[in-house]
Every structure is written in C-alpha cells, then in structure tokens.
Amino acid sequence: MPILNYSDIFFTAFEPKQTNRFLLKMEGVPSYLIKGVGAVSLTQTAVALNHINVQRYIKGKTIWGTIALTLYESITPSGAQSVMEWVRLHHESVTGRDGYSDFYKKDLTFQVLGPVGDIVSEWKVMGAIITSVNFGDYSYDDDGTPVNIALEVQPDYCVLNY
C-alpha cells in the first residue's frame with residue numbers, strides 16, 4: 001500500500017520566476033538600456049568508444065551557446081556608441097587593427113529578480129565577446145516604434161551562482 005507524502009497532500013507555496021524581472025550588468029552599457037536577454041545554453045558532445053561490436057559514450061567538449069541581447073537605442077546616452085566602443089576593442093575599422101583578448105573579453109552579470117526586487121538567481125557570463133551586432137532598422141512606414149540594437153555574445157563559460 002503506497003504511503004502518501006506530506007508534500008503531495010497539502011498546498012506548497014510556489015513563486016515562479018518571471019521573464020520581465022531581471023538586471024544585466026555589462027561594463028560600459030547602462031542597465032536601463034537593456035531590453036532583453038536570451039537564455040544561457042550549452043551543448044555537451046558525446047565521444048564514441050568502439051569496442052568489438054558495441055559502442056559506449058563518454059562526455060566530450062562542453063560548448064556554451066551564444067547569448068542574444070536586445071538594447072534600446074537612445075539618443076543620449078547612445079546605445080550604439082556604447083556597443084561600438086566594445087566593438088572597437090575587438091577590431092578598429094579605421095586602422096584594421098585587432099585588439100588583445102584581455103581588453104575585449106568582458107564578464108557580464110545576469111540577475112533574476114523576485115517580486116520585491118531581491119536577487120533570486122545570478123549567472124556570471126565569463127569572457128564574452130561580440131559575435132554579431134545589428135544596429136536597428138528605420139522606416140517611414142513605422143508608427144514610432146523605438147529602435148532596438150540586436151547583439152550576440154559568445155561566452156567562454158557561464159557560472160550559475162544561485
């Protein structure tokens with residue numbers, strides 16, 4: 001005869017995380033310009049070990065996925081200018097010179113907030129580099145939608161602190 005657990009019978013308090021409660025701290029970019037952040041993701045490859053007529057697997061490389069960021073483009077401070085300052089650390093288009101990774105790699109802090117503004121989860125995104133930027137579209141047909149900057153960063157690795 002199955003025995004019921006206390007947690008199966010009675011109500012358990014539950015507060016889900018919400019997608020609109022977050023902060024992203026990124027050097028050189030004010031937090032209020034951040035509109036959205038994509039999820040942290042990773043892939044772990046499998047390495048096959050062949051033996052006679054069977055295959056076994058062990059873990060291969062861990063590959064951290066790119067993270068999509070969306071920023072508001074504001075007149076002042078300019079979101080595009082903030083992003084371009086980081087891009088220039090990667091590559092200076094006027095001179096054609098590339099930068100040292102020690103200068104262009106940045107650590108980002110992504111914090112998920114609770115209902116009263118407390119930090120309930122924190123990701124450290126380590127060694128992020130910019131892989132692509134789209135500075136937004138303009139159109140006379142639009143009704144005044146704010147311009148957004150789409151940015152993708154590739155981290156070396158990420159750490160979930162809590």
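This is a guided tour of one protein chain, from the whole fold to a single residue.

The model is predicted, so local features need pLDDT of at least 70 and side-chain atom pairs count only at pLDDT 80 or more, while totals for chains, interfaces and linings use all residues. Residues are numbered from 1 along each chain as its sequence is written, and side-chain values use heavy atoms, with hydrogens and water left out.

Begin with the whole chain, coloured by secondary structure. Three helices and eleven strands are present; these are DSSP runs, numbered from the N terminus (helices: H or I, at least four residues; strands: E, at least two). Of the 162 residues, 25% count as buried, where buried means under 20% relative accessible area, with a 1.4 Å probe and protein chains only.

Now centre on Leu108. Beyond its neighbours within four places in sequence, Leu108 is in contact (heavy atoms within 4.5 Å) with residues including Trp86, Trp123 and Val153.

Finally, move to Thr109, in strand β8. Is Thr109 buried or exposed? Thr109 is buried, because its relative accessible area is 11%. Display its side chain together with that of Lys124: the two make a polar contact at 3.2 Å, that is, a pair of N or O atoms within 3.5 Å, one able to donate a hydrogen and the other to accept it within protein, where residues adjacent in sequence count only if both atoms are side-chain atoms.

Technical notes. Buried means under 20% relative accessible area, exposed over 50%, partly exposed in between (1.4 Å probe, protein chains only).
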